[in-house]
4 protein chains.
Amino acid sequence: MTKDAAMPARENSRRLAINCDMGESFGLYKMGDDEGMMPYITIANIACGFHASDPTVMARTVRLAKRHGVQVGAHPSLPDLQGFGRREMKLQPEELTDLIVYQVGALKGFLDREGMALFHIKPHGVLYGMAARSPEVAQAVADAAKVFDVPVLGMAGTQHERVYTAAGLGFISEYYADLDYADDGALIITREHHAVDPVRAAERARRAVAEGKVDSINGKEVRVRADCICVHSDTPNAVAVARAIKTALAEQLG
Amino acid sequence: MTKDAAMPARENSRRLAINCDMGESFGLYKMGDDEGMMPYITIANIACGFHASDPTVMARTVRLAKRHGVQVGAHPSLPDLQGFGRREMKLQPEELTDLIVYQVGALKGFLDREGMALFHIKPHGVLYGMAARSPEVAQAVADAAKVFDVPVLGMAGTQHERVYTAAGLGFISEYYADLDYADDGALIITREHHAVDPVRAAERARRAVAEGKVDSINGKEVRVRADCICVHSDTPNAVAVARAIKTALAEQLG
Amino acid sequence: MTKDAAMPARENSRRLAINCDMGESFGLYKMGDDEGMMPYITIANIACGFHASDPTVMARTVRLAKRHGVQVGAHPSLPDLQGFGRREMKLQPEELTDLIVYQVGALKGFLDREGMALFHIKPHGVLYGMAARSPEVAQAVADAAKVFDVPVLGMAGTQHERVYTAAGLGFISEYYADLDYADDGALIITREHHAVDPVRAAERARRAVAEGKVDSINGKEVRVRADCICVHSDTPNAVAVARAIKTALAEQLG
Amino acid sequence: MTKDAAMPARENSRRLAINCDMGESFGLYKMGDDEGMMPYITIANIACGFHASDPTVMARTVRLAKRHGVQVGAHPSLPDLQGFGRREMKLQPEELTDLIVYQVGALKGFLDREGMALFHIKPHGVLYGMAARSPEVAQAVADAAKVFDVPVLGMAGTQHERVYTAAGLGFISEYYADLDYADDGALIITREHHAVDPVRAAERARRAVAEGKVDSINGKEVRVRADCICVHSDTPNAVAVARAIKTALAEQLG
């Protein structure tokens with residue numbers, strides 16, 4: 001975190017921060033167990049209708065987060081409902097910034113209704129990966145975040161950190177509890193998320209926070225730096241994973 | 001107008017208010033001559049992506065309005081890009097309110113970027129007509145407007161006026177310079193707008209403001225009450241119509 | 001059935017016909033257990049992308065039906081992915097026919113690839129209900145079906161039967177095993193389908209086929225006429241219901 | 001042309017073939033002067049709803065082509081209405097083939113209604129460019145074309161020619177009358193098309209057909225090979241360009 005004010009609390013609770021993508025249902029289609037996850041997370045990244053969700057799902061998810069005292073950020077995406085925002089598209093930087101402003105603004109409408117503040121922005125899916133690699137894409141994200149003056153969630157050591165920080169924005173780094181890391185520390189983003197062993201995921205998360213290390217998909221030790229832990233709600237056993245991580249982090253930090 | 005504070009200025013300038021639907025282009029598709037119209041209007045109803053527009057069009061239209069000192073409101077619609085929001089859909093009231101909150105919030109993102117305030121909300125197309133007739137639909141609009149605490153533009157003597165006023169919201173009544181009125185004073189909304197004679201339209205607008213009267217499509221005199229005049233930018237000769245009305249109203253009010 | 005040639009087989013097997021809405025997943029969103037249902041049905045109504053599905057889901061569902069020897073028809077809808085085609089829209093008849101031709105044609109592309117013939121058309125969701133009540137809507141469906149010269153699935157005793165038959169099209173009547181009937185025999189279409197007791201549903205289906213009778217939601221005996229039985233795949237226990245009905249019908253018809 | 005049967009007529013008339021993207025309006029949005037262009041072309045590439053058009057526009061455009069005796073092919077696109085199919089997306093080959101089968105099938109529905117045959121497929125916008133460069137993308141196009149057993153329109157000397165020919169499909173090469181060519185013969189695809197001088201465009205087209213040469217954007221002579229000429233209907237003065245080319249080619253071939 002670059003700006004002290006952006007995270008809600010002190011050192012210890014910061015390390016307990018668990019963020020999760022929420023509100024990814026769409027019409028009659030269900031995705032993730034938001035009710036089950038909410039008790040175990042502290043920050044919700046709420047979908048804004050471009051890769052998932054619709055206005056009514058957004059309204060309900062914001063209310064659910066409020067009930068659990070969970071901070072809410074926007075989870076904007078490329079415009080790709082069929083591909084769940086996981087298919088790369090080439091957009092002009094201006095277009096991309098405008099798409100993000102639109103989505104974050106829309107979410108803010110629902111936050112306004114509940115008297116809640118926007119906590120952060122986290123780019124979704126392939127947009128997250130593109131911003132990690134491309135300074136131009138990260139800058140487009142930063143340009144949107146500046147409108148709302150909130151920190152951006154991303155991966156330490158990538159263009160996320162470099163560009164958001166240079167833009168004077170807060171930066172919140174995260175470790176992914178249910179995804180694999182390549183040998184170079186890059187995240188391996190898949191279209192569908194698979195179940196992971198909660199015990200192993202919790203131990204990896206504890207080690208990532210405590211020691212700043214994680215084993216890559218090939219077993220190589222990779223350094224990670226993380227202000228918070230991310231769990232995906234569409235990982236099949238997401239609730240068990242989140243619960244195990246919350247417990248592990250609580251024990252770790254006493 | 002119910003709330004004194006909602007209109008930007010004094011009695012005279014209020015009567016000069018001309019509102020216009022703006023920002024209805026979409027991607028490469030052009031609709032209306034926004035650059036041509038902006039000098040002749042005082043209030044822009046900006047499309048929010050559900051019947052027309054996209055985030056980049058919204059961004060540009062907000063900037064254009066700012067440059068001309070034009071007040072900006074949201075022009076939310078049913079979700080129907082193919083039908084330009086002019087095909088009736090049956091939605092649950094909660095769904096409808098959520099759709100409107102989403103669209104207005106999205107527009108506010110672009111206003112935030114330009115340091116502008118949201119001036120009003122005006123339901124678009126068939127949603128406008130549905131709200132005029134149905135207290136339930138008008139209430140769904142009012143529930144969204146309360147989130148943003150802005151007045152709603154609509155037709156006097158309809159559920160617009162009754163419901164928005166009862167909800168404690170400001171209400172701005174309008175007269176349509178380029179549409180026909182039925183014998184009962186109801187507006188005749190068409191899918192496409194046709195060219196109208198600017199001189200005749202301006203004289204009708206002047207009479208509507210000064211005498212509160214307009215001739216129906218059958219030549220019957222109908223009473224109207226209007227805080228402002230509406231001109232559609234997709235009427236083929238919209239710029240000429242707006243210019244003629246602005247001139248007529250200026251002379252009228254001297 | 002008006003045209004003898006339209007149903008695949010003889011009297012007995014005709015009465016065994018069970019149709020089911022299939023291929024209603026969308027991108028990563030899953031809906032219904034198509035793999036589980038396919039063994040128990042004889043006719044698949046495949047979604048065409050307007051209320052559910054996408055081209056890849058369509059391709060896979062057609063292949064799955066082929067593997068199980070299931071006949072395939074098109075299940076066109078109003079254009080409403082968020083509302084799953086269950087929200088009424090007012091369209092011009094020409095627009096409606098064109099929407100249906102588009103969707104059926106799209107499905108035929110996938111049937112062409114597998115060397116399969118289009119078996120029928122069944123309007124989806126609220127379009128089904130609108131066509132049952134409105135001769136104009138039923139005619140728009142018939143106008144599309146005539147392009148492909150296939151029978152239309154619908155409810156006996158409604159505008160479905162009257163209009164499709166008058167248009168010279170085959171008509172296949174159906175009984176809904178997992179929905180309730182009103183006292184006047186009208187189907188009660190809900191946005192979400194709820195689990196039903198498989199034993200009771202099978203007994204009702206057997207009685208509908210054997211005696212032409214069903215109890216309404218208020219316990220009143222209502223006459224029904226049905227060439228085949230419909231089971232919804234998004235009914236939570238759909239596979240159990242379909243299996244029970246198949247067994248009951250097989251026993252019935254020996 | 002690989003397959004002799006694919007082009008409608010003899011050597012001379014083949015060289016007179018002029019293809020044009022048609023039916024790119026959408027709802028109330030107009031694009032191109034289809035009525036004005038139809039008399040000057042012989043082959044229409046009709047949009048299928050993914051970058052432009054809707055079912056009603058498709059129906060009308062097919063009828064218009066029929067009236068003018070113009071051959072009709074499908075003009076499938078990446079799914080990107082806002083970007084008019086001109087923004088690159090990364091899709092799986094299977095997804096891409098399915099998207100194309102869906103769109104071509106949909107168009108065939110309208111051709112079936114008019115008793116017309118599908119003449120060809122031409123990938124639209126950035127998909128055209130991607131297929132020219134990438135054997136994998138061209139193969140995905142070919143896999144869809146094989147379902148309908150029609151030739152594919154594309155650029156000679158690119159993966160279009162190599163892959164479609166290797167797949168046993170007919171290949172129709174084309175020269176772009178209103179776009180610029182790079183020094184290496186690659187087409188320069190822009191998001192919006194600009195007016196070109198009809199006289200110069202016609203002379204370039206004549207030379208391309210007669211001599212197989214065109215000047216690049218830098219004035220370098222580039223070799224081209226073309227079975228037909230392409231004119232874009234959204235080029236501002238498209239009708240004048242098409243008329244001039246038709247005249248030039250007619251004189252040329254006398």
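Chain A has a mean pLDDT of 91, with 93% of its residues at 70 or more. This is a predicted model, in which local features need pLDDT of at least 70 and side-chain atom pairs count only at pLDDT 80 or more, while totals for chains, interfaces and linings use all residues. Residues are numbered from 1 along each chain as its sequence is written, chains are lettered from A and ligands numbered from 1 in the order in which they are written, and side-chain values use heavy atoms, leaving out hydrogens and water.

Now select residues 1–15 of chain A, where pLDDT stays under 50.

Zoom out: for the complex, the predictor gives an ipTM of 0.92 and a pTM of 0.93.

Next, show chain C and chain B together. Their contact (heavy atoms within 4.5 Å) takes 12 residues from each of the two chains. Between them they bury about 1,000 Å², 42% of it on carbon and sulfur atoms; buried area is the accessible area (1.4 Å probe) that two parts lose on being put together, summed over both. Pick out R87(C), E88(C) and K90(C): this trio supplies 44% of the area chain C buries against chain B, more than any other three residues.

Which residue of chain B forms a salt bridge with K90(C)? Select E88(B): the closest N and O atoms of the pair are 3.4 Å apart. A salt bridge here is a side-chain nitrogen of Lys or Arg within 4 Å of a carboxyl oxygen of Asp or Glu, and the rule finds 4 of them across this interface of chain C and chain B.

Definitions and conventions:
pLDDT = per-residue confidence, 0-100.
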